[in-house]
Amino acid sequence: MQALFATGEIVGALLKARRETVAVAESSAGGLVSASLLAVPGASAYFLGGAVVYTAKAREQLLGITATDMAGMRSSSEPYALLLARTLRVRFGTVWGIAETGASGPTGNSYGDAAGHSCLAVSGPVERVVTLETGHGDRAANMQAFGAALLGLFEKALSEP
């Protein structure tokens, strides 16, 4: 967890220096990304909100993403992660939206993804989407790996010219 919080501190410093804001959607990371960003003193300068979007009901109620918006798309996919990140950016009026969706374990999800599968997205001045496969079903370890990967992806996006 210390490494996750350390990356949150780096990302928070970058956001403060750039005077930019972020909103976060998490699923299988369970709020660890938001917690890492909020552990930084002065986080209110850049963190505008976040949600653990764990179910279809949460997706619709918290983000307004309907079944119609999901037509042809499934959860735990790169297109869905990018939709989450873009939706957050618009709804919160932030420079950045970041999102994570996956299967932390100990088993896979109903879409056929194995435990340890996560799709991560960053939407802002640049967009990035990646899929992470840890190859194991250790739920807590996967949650931390997913959070660290999303923060790492975001840090790289923030560091680009």
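I count a residue as exposed when its relative accessible area is over 50%. I kept that cut-off at hand for this predicted model.

**Entry: alanine 3**
I looked up alanine 3 and found its place in helix H1, residues 2-18. Its relative accessible area comes to 58%, so I noted alanine 3 as exposed.

**Entry: the nonpolar cores**
Next I turned to the largest nonpolar core, which has 23 residues. Val22, Leu37, Trp96, Ile98 and Phe154 have the most contacts inside it. Two or more residues each come from H1, strand S1 (22-26), helix H2 (32-38), S3, strand S4 (117-123) and helix H5 (139-159). H5 gives the largest share of this core, six residues. Apart from this core I found another, of 17 residues, with Ala23, Tyr80, Cys119 and Ala121 among them.

**Entry: the largest pocket**
Last, I looked at the largest pocket, with a volume of about 310 Å³. It is lined by 21 residues, and Ser27, Tyr54, Ser76, Gly102 and Asn109 are the closest to its centre. Which class of residue did I meet most in the lining? Polar, with 13 residues, beside six nonpolar and two charged. Helix H3 (56-63) and strand S3 (96-103) each supply at least two lining residues, and S3 has the largest share, with three.

Notes. Residues numbered from 1 in each chain as written. Predicted model: local features only at pLDDT ≥ 70, side-chain atom pairs only at ≥ 80, totals over all residues. Heavy atoms only, no water. 1 Å grid on protein atoms, 1.4 Å probe; cavity = no way out; pocket = protein on both sides within 12 Å on 5 of 7 lines; lining within 4 Å. Points joined across faces, edges and corners; volume = space filled by probe spheres on them. Helix = DSSP H or I, 4+ residues; strand = E, 2+ residues; numbered from the N terminus. Nonpolar A, V, L, I, M, F, W, Y, C, P; charged D, E, K, R; others polar. Buried < 20%, exposed > 50% of the residue type's maximum accessible area, 1.4 Å probe, protein only. Core = buried A, V, L, I, M, F, W, Y, C linked by side-chain atoms within 4.5 Å.
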